[in-house]
Structure formats: C-alpha cells, structure tokens
Amino acid sequence: MNGLFVVIISALVFILAYRFYGAFIGAKVLTVNQYNVTPAFRFEDGHDYVPTNKYVVFGHHFAAIAGAGPLVGPVIAAQFGYLPGALWILIGGVLAGAVHDCVILFCSMRYDGKSIAEIAKAQIGDKTGLATSFAVLFLNILAMAGMAVVISNALHDSPWGTFTIGMTIPIALFIGIYMQFLRPGKIKEGTVIGVVLTLLAVVAGPAVQASPTLAPIFTISRHGIDIALIIYGFVAAALPVWLLLAPRDYLSTYMKIGTIGALAIGVIVVGPTIQMPALTQFCAGGGPVITGPVLPYIFITIACGAVSGFHCMISTGTTPKMLMNERSIVPVGYGAMLTESFVAMMALIAATSLVPNDYFAINSTAEHFNALGMQVVDLPQLNAMVGENVAHRPGGAVSLAVGMAFIFSNIPGLDSLMSYWYHFCIMFEALFIMTIIDAGTRVGRYMLQELVGRVWTKFGDPHWTPGAIIASAAISGAWGYILVQGNLSTIWPIFGVSNQLLAIITLAISSVVICSMGKARYVWVTGLPWAFLTVVIFWADFLNMFGLYLPKGEMLLFAVSAIMLILVIIVSISSLRKCFELSKTVPASYTTTKSVEEEGLKKLQELVATDPKAKRFAELTCPKDFKQA
C-alpha cells in the first residue's frame with residue numbers, strides 16, 4: 001500500500017472534522033464568547049497569568065501536549081500492523097482526543113484557569129475534588145517518567161543529538177528575553193532568529209561529534225541524561241513562563257510542524273510503500289514489543305495521537321492562563337489535537353515503511369529478536385548511512401528516526417544526507433518530549449501547590465517563591481526517581497494505562513460541566529468517549545494486573561494499578577450521579593455563540609468604564625468590535 005493514500009485520507013478527515021464537528025462543539029455545546037474577559041487578563045501577574053498571542057499559545061499548547069506519545073506510540077503499535085493504529089488515530093483523534101482537550105480547556109477558562117481537581121471540587125464536591133487531585137498528581141508523575149525514559153534511550157552516548165538538544169535551551173532563553181524586552185511584540189523576528197539558530201545547532205552537530213574536546217563532554221550515559229532531564233524539569237517549572245517555557249515550546253512547534261509538513265511532502269514525492277502488513281501474527285498477543293493482544297492494548301499503546309489524559313494538565317494548567325480570547329479555544333484545543341493526530345499518522349507511515357524484519361530488529365532486545373528467528377535485511381546499510389548502530393534500541397524513537405530519514409534520503413538529490421536526516425529527526429523527537437516535560441512538571445507544580453494549599457494556605461499561593469521552588473523540586477524529583485529506577489519495559493505499560501485513566505476522569509468532569517450549563521442534551525459529546533474508554537482501559541489494566549504484574553511478582557505495579565482504578569471509579573460514579581441530578585434540575589439552555597456574544601458585548605461595554613483589566617482586554621482582543629459598539 002502506498003503511504004500517500006494514508007496521508008490524503010488523514011488530512012481530509014481532520015480538516016472536515018475541525019470545520020464541522022469542532023465548530024459545532026464551540027458554537028452549540030460550549031457557546032464560547034469572545035467578549036468574556038479571560039483569566040489571563042483578570043489575574044495577570046507577569047509570571048503564570050500572561051496574556052499571550054494566540055499563535056504563540058497554539059505553539060506552546062501543541063508542543064506541550066505532543067510529547068513522545070504521538071511519535072513513539074504509533075511506532076510501537078506497528079507491531080500489530082498498520083491498520084489498527086491508523087483506525088484508532090483517525091476515530092479516536094476526532095471523536096475523543098480533540099473533544100477531550102477542547103472541552104476541558106473551556107472549563108478551565110470558565111473557572112479562572114484552575115486545575116481539573118479544582119473544577120471537580122466546585123462542580124461535584126470536596127471529596128471528589130480531593131480524589132481527582134490525588135489521581136491527577138499521581139498520573140502526572142507517571143506520565144513524566146514515561147516521557148523521559150524515551151528521550152534517555154534516544155540520546156544516551158550520542159554527542160550530536162545531546163549537543164543539539166542542549167543548545168535549544170539557551171536559544172529559548174535568548175528568544176524569551178528578545179521578545180519580552182529587546183524587541184517586544186516582534187514575534188516574526190524572534191521566530192526567524194530562533195529557528196535559524198536551532199537549525200545551526202543541528203548542522204554543527206558533526207563537528208561536535210568529531211571534536212576530541214567537545215565529543216566527550218556531550219557523550220553522556222543514560223544515567224547522566226536522566227539527571228539532566230530532572231534538573232531541566234525543575235528549572236523550567238520554577239522560571240517565569242515567558243522566559244523559557246513559552247519561547248521554547250513556540251520554537252519547537254515550528255520545528256515540529258515544519259518537519260511533519262516536510263515528511264508529508266516527502267511521502268508525496270517518494271510514495272513509500274507501507275511494508276508492514278495490515279495485520280500481523282502478533283495481533284493475538286505474544287509480540288516482541290508489546291506482549292498483549294491488539295484489543296485492548298492498541299488503546300493504551302497509542303494514547304497521544306488519539307486521546308490522552310495528560311493533555312488535561314496542559315488544558316487546565318498553562319494554556320488557560322495565557323489564552324487571550326475564548327474564540328481561540330477551538331483552534332487551540334480542538335485544532336492542536338488534530339494536528340497531533342496527523343503527527344501520529346506520519347509516525348505510523350514512517351515506521352511501517354521499514355522492512356518488517358528491520359523494524360523488529362530495532363524495536364526488540366537482542367534476545368527477543370533472536371527468538372523470532374528473523375534475519376535483518378537492510379539494517380547493516382542503514383547503520384552505515386546514519387553513522388550509528390541502531391539495532392536493539394527499543395522505545396520507538398530510533399526506528400521512527402530511521403524511517404523518517406529513509407524517506408527524506410530517497411528524495412532526489414538528498415540521498416547523501418542520511419546521517420543529517422537521522423540526527424535531525426532525533427532532535428525533532430527529543431524536542432517533542434522536552435516540551436512536554438517542562439510543561440508537565442510546571443503543571444504538576446500547580447497541582448501540588450493547590451493540594452498542599454488545602455492545609456497550608458500560604459503554600460497554595462502560586463506567587464510565593466519558596467512554595468513554587470519546593471513544589472517544582474518535589475514533582476521533578478518524584479518522576480525522576482521512577483525514571484532512574486526503571487526502564488521502558490516497566491514504565492511504558494503503566495504509563496499507557498494511567499494516561500488513559502486520566503482521560504476518563506477528564507471526560508467525566510467535562511460531562512458534568514456541560515450538564516451544569518443546561519446542555520445535557522449534548523452530553524453525548526463527552527459521554528460516549530467516556531463510556532468507551534472506561535470499558536477498554538479497565539480491560540487493559542485488568543490484563544496488566546493479573547496477566548503481567550502479578551505473575552511476575554511486581555507487587556508495586558499491581559498496587560499502583562489498583563489504586564488508580566479505585567480513584568477513577570470514585571470520580572466516575574460521582575460524576576455520573578451529578579450528571580443525572582443536573583439534567584433534572586438545571587433548565588435547558590438553547591444559547592449559541594451568536595446569541596451570547598450579543599449580550600456579552602453589552603456587558604463588556606459596562607465593564608470597560610470601571611475595570612482597567614477589562615479595558616485592556618477590549619483594546620487588545622476586540623478593538624474593532626468595541627469601537628463600533
């Protein structure tokens with residue numbers, strides 16, 4: 001099968017879904033109102049609540065949600081063949097993932113940029129809010145460990161890759177200062193400078209790798225990479241959002257979208273053949289990468305790219321504190337997720353374009369690959385072309401980079417640049433993961449401060465510097481400990497389940513908010529994916545607990561899985577009861593975006609006369625409408 005067909009089908013599905021389903025959710029279900037003064041203006045503090053250009057917010061949001069999942073998950077899932085992953089990405093992304101992200105972002109903006117736990121507390125009650133707090137915080141830590149283990153496997157003992165990724169940090173700091181103080185508002189200038197500097201870091205990689213002085217400095221063991229990631233997560237969570245997180249994520253987004261766009265063009269030009277069959281013999285289980293069967297393991301192997309609970313931590317963390325207008329909720333919430341789904345599809349195409357034997361050689365340990373009785377085909381040549389031994393490096397990142405580099409190098413005139421393409425793709429993947437680590441750790445900091453703030457009010461103040469530093473250190477230290485102690489085979493399965501359990505919690509609470517608005521007739525928008533995920537993810541967790549952890553005596557993982565299930569059950573039952581209650585007590589609302597904005601403009605006019613924050617909001621977000629009014 002030609003990969004070009006998959007690209008065309010995916011692009012059409014996502015464009016139509018955004019144009020019609022996303023617009024329906026924004027206008028009819030959520031009734032976004034461009035004249036509502038957003039939390040970014042009402043609580044502006046220059047640190048966390050910062051009104052930010054919508055394109056920069058899109059960049060930050062997309063970069064933060066699109067971590068290792070949309071790249072690594074589809075690659076690992078290719079073990080089952082290309083068809084299961086492709087179907088789940090298309091259907092899950094449109095009907096579950098994008099809905100999940102968009103609705104909870106709206107909810108957080110209507111609740112002052114608060115976390116999902118605070119929304120649960122306000123809508124359902126203190127006990128449910130507390131259970132949600134513990135569940136989300138716990139799952140956040142597991143998610144960060146799952147993200148970090150992939151980048152450790154990809155970057156260790158690779159001076160070229162480590163140098164390139166390391167340079168993106170000072171580049172981001174420079175661009176943050178440039179756009180904040182040196183050239184305020186000059187976004188295009190900052191973008192061009194940042195992208196050029198990042199590309200130069202890739203080009204300089206071979207010189208660093210060949211240097212007898214620099215190469216040893218950037219040749220870091222896996223343990224060293226682990227420690228560096230922990231330190232980075234702490235620093236990124238503690239610094240002001242404009243200084244490192246926002247500019248780094250913004251620049252990363254251009255690199256990511258540009259690379260995926262280039263890959264799509266490469267697929268069009270090269271027309272790579274998808275060599276992996278639609279379904280493999282491992283669909284029934286017993287595979288070398290994922291031991292379980294395709295159902296239900298496809299739903300936890302591909303999380304980001306289809307639906308990901310981790311995204312709620314961004315949609316109720318940094319993004320609602322930066323978004324300037326509610327009209328941007330659908331483009332940022334729904335649109336960024338569909339963009340991520342397209343990324344996942346490109347990753348699937350790149351991985352499945354490899355010869356199956358070579359795919360399994362890269363993604364399996366030597367022991368597991370030898371047990372398959374397979375022989376490598378093109379792998380020796382691929383090793384020579386990229387300049388590194390890529391065999392037996394499980395985790396998906398390396399095989400994806402090889403697949404992408406293989407496609408790029410088949411473009412006429414670019415066949416001699418395979419090593420550059422490979423290391424560029426490694427940088428591309430690492431950028432995805434680093435941005436989710438910095439944003440996720442920062443959101444974890446918010447959550448921990450809110451949780452401790454229940455008993456120690458001062459600690460709950462996000463502006464109290466000692467509290468922010470302590471919380472940042474605690475979160476980065478917690479996921480860092482799991483990272484240092486574990487490996488991909490122990491971390492990824494529980495990460496996949498925990499990520500989707502968090503999505504169940506998010507969809508449950510989102511359903512309650514929809515019912516509280518008098519929109520119970522539309523609760524199916526979040527209710528259907530909520531019900532579906534509950535069935536398949538509980539099924540997968542049951543198989544993990546009794547088919548994997550218990551037989552191997554891994555009691556810690558068994559206990560962790562059981563605790564997560566209990567917390568999710570508590571939140572789900574409470575949410576279901578609240579939905580039934582609200583559907584009977586709250587009068588039905590038939591408002592639309594058009595009707596609420598007519599009234600919203602009048603209210604904004606009144607506010608502008610007395611509230612300087614509302615005046616600033618009006619001047620920056622709707623100057624034409626305001627002047628006409």
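Residues are numbered from 1 along each chain as its sequence is written, and side-chain values rest on heavy atoms, with hydrogens and water left out. Because the model is predicted, local features need pLDDT of at least 70 and side-chain atom pairs count only at pLDDT 80 or more, whereas totals for chains, interfaces and linings use all residues.

The chain has 28 helices and zero strands, where helices (H or I, at least four residues) and strands (E, at least two) are DSSP runs numbered from the N terminus. For 629 residues, a compact globule would have a radius of gyration near 25 Å, and the 23 Å of the chain agrees with this; the radius is taken over C-alpha atoms, and the globule rule is 2.2 Å times the number of residues to the power 0.38. The C-alpha trace spans about 70 × 55 × 50 Å along its principal axes. Among contacts (heavy atoms within 4.5 Å) between residues at least 6 apart in sequence, 84% join residues at least 24 apart.

Of the 629 residues, 60% count as buried, a term that means under 20% relative accessible area, with exposed meaning over 50% and partly exposed lying in between (1.4 Å probe, protein chains only). The chain exposes about 22800 Å², of which carbon and sulfur atoms supply 68%; these accessible areas come from the Shrake-Rupley method with a 1.4 Å probe, and for residues only the protein chains shown count as cover. The mean positions of the 35 positive and 32 negative charges are 9 Å apart. In this count Lys and Arg are positive and Asp and Glu negative, while His and the chain ends are not counted, and the place of a charge is taken as NZ of Lys, CZ of Arg, CG of Asp or CD of Glu.

With neighbours within four places in sequence left aside, Ser-133 is in contact with Ala-117, Leu-451 and Arg-454.

Aromatic pairs were assigned to rings of Phe, Tyr and Trp (its six-membered ring) whose centres lie within 6.5 Å, with planes under 30 degrees apart counted as stacked, over 60 as edge-to-face and the rest as tilted. By this rule the count comes to 19 aromatic pairs. Trp-456 and Trp-464 form an edge-to-face pair, at 5.6 Å centre to centre and 70° between the planes, and Trp-456 is partly exposed at 43% relative accessibility. A further edge-to-face pair joins Phe-546 and Phe-558, with 5.4 Å centre to centre and 85° between the planes. Since Phe-546 lies in helix α24 (residues 524–549) and Phe-558 in helix α25 (residues 555–585), this pair ties together parts that are 12 residues apart in sequence. Phe-546 is partly exposed, with a relative accessible area of 41%, whereas Phe-558 counts as buried at 17%. Ring pairs also link Tyr-21, Phe-24, Tyr-334, Tyr-522 and Trp-524 into a cluster.

Turning to the backbone, most residues other than glycine have a negative phi, and most peptide bonds are trans. A cis peptide bond joins Leu-295 and Pro-296, with omega of about 15°, and Pro-296 is placed in helix α14 (residues 294–301). Thr-31, which is not a glycine, has a positive phi of about 50°; Thr-31 lies in the loop between α1 (3–30) and α2 (39–42) and is buried, with a relative accessible area of 6%. Asp-112 also has a positive phi, near 60°, and is found in the loop between α5 (82–110) and α6 (116–123), where Asp-112 counts as partly exposed at 26% relative accessibility. Finally, Pro-247 in helix α13 (residues 245–270) counts as buried at 4% relative accessibility, and its C-alpha atom is separated by 38 Å from that of Met-276, 29 residues apart along the chain.
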